[in-house]
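Me: I am new to this structure, and I would like to learn how to read it one feature at a time. Could you take me through it slowly?

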Amino acid sequence: MRAPRNPMIEPADLRLLSAPLDFLEAEHYRFRAFLAHLERMAADHRVARRAATARFLLDFLLGDIARHLAEEAEALFPLLRERCQAADGIDRILGLVEGERARARDLSLAVIAGLRECASRCAPEAGFAAIVATFIGAMRRHIDWENALVLPLARKRLTSGDLARLAADMATRCGAGGDSVAARQGYFGE
Ligand SMILES: [Fe+2]
């Protein structure tokens, strides 16, 4: 994984990959830090400082966050649908999560475009701060739903074999070039 070399957010703790659900939960803490930095950056009018922050946040969004979202959609959620029982309400739970993910993804092109403008020391579009606020809200709700509903259910229903498969899948995605693969796949619709 290409860990951002910036003290704003700690690098991912790859030692947790052997416990994939713990790894995903730890990633959510890092994403909350990203969202807090994004919120502050959108209100910061100091051009040089904003440009440096925007470059870091853009890298993090297209790298770590794109990889995480793809990992959940392509590996974790299908496993959950396979293992959960009707009484678990998995369709309703994933419906809530996927709704927030879709909202964030719809806004992501405008967020990415604004970050690129800021990174180039240009002023973003007039509506950038409002779009960022909506994007942040959707991402925070996504994290809340996953922490409260998805990860506890995964801990209950996934087998040791499932967790081993998930760990192997995540290790592959986090390996050399993993972030750039996620970015090339255009998770955010680029
Ligand atoms: Fe997540």
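Predicted model: local features only at pLDDT ≥ 70, side-chain atom pairs only at ≥ 80, totals over all residues.

Me: What share of the residues counts as buried, and what share of the contacts joins residues 24 or more positions apart?

Reply: Of the 190 residues, 32% count as buried. Among contacts with a separation of 6 or more, 79% are between residues 24 or more positions apart.

Me: How does one judge the length of a helix, and what is the case for helix 1?

Reply: One compares the span between its end C-alpha atoms with the span expected from its number of residues. Helix 1, residues 20-42, has 23 residues and should span 33 Å at 1.5 Å a residue, which agrees with the 32 Å between its end C-alpha atoms. Helix 2, residues 47-83, has 37 residues and reaches 50 Å, close to the 54 Å expected; helix 2 also bends by about 35° at Glu 72.

Me: Which residues of helix 1 are buried, and what covers them?

Reply: The buried residues of helix 1 include Phe 23, Leu 24, Phe 31, Phe 34 and Leu 38, and Glu 27 is also one of them. Their cover includes helix 2, helix 4 (128-157) and helix 5.

Me: Is Arg 173 buried or exposed, and where is its place?

Reply: The test is a count of neighbours, with 20 or more other C-beta atoms within 10 Å making a residue buried. Arg 173 counts as buried because it has 20 C-beta neighbours inside 10 Å, and its place is in helix 5, residues 160-174. Arg 173 and Glu 71 are 102 residues apart in sequence, while their C-alpha atoms are 7.8 Å apart in space.

Me: What about Arg 121, buried or exposed?

Reply: Arg 121, which lies in the loop between helix 3 (90-119) and helix 4, is exposed, because 11 other C-beta atoms lie within 10 Å and the cut-off for exposed is 12 or fewer. Arg 121 also has a positive phi of about 65°, although it is not a glycine.

Me: What is the average pLDDT of the chain, and where is the pLDDT below 50?

Reply: The chain averages a pLDDT of 88, and 89% of the residues score at least 70. Over residues 180-185 the pLDDT is below 50, and this stretch has nine contacts in the model beyond near neighbours in sequence.

Terms used: Residues numbered from 1 in each chain as written. Contact = placed C-beta atoms within 7 Å. Helix = DSSP H or I, 4+ residues; strand = E, 2+ residues; numbered from the N terminus. Bend = angle between axes of the 7 residues up to and from the residue. pLDDT = per-residue confidence, 0-100.
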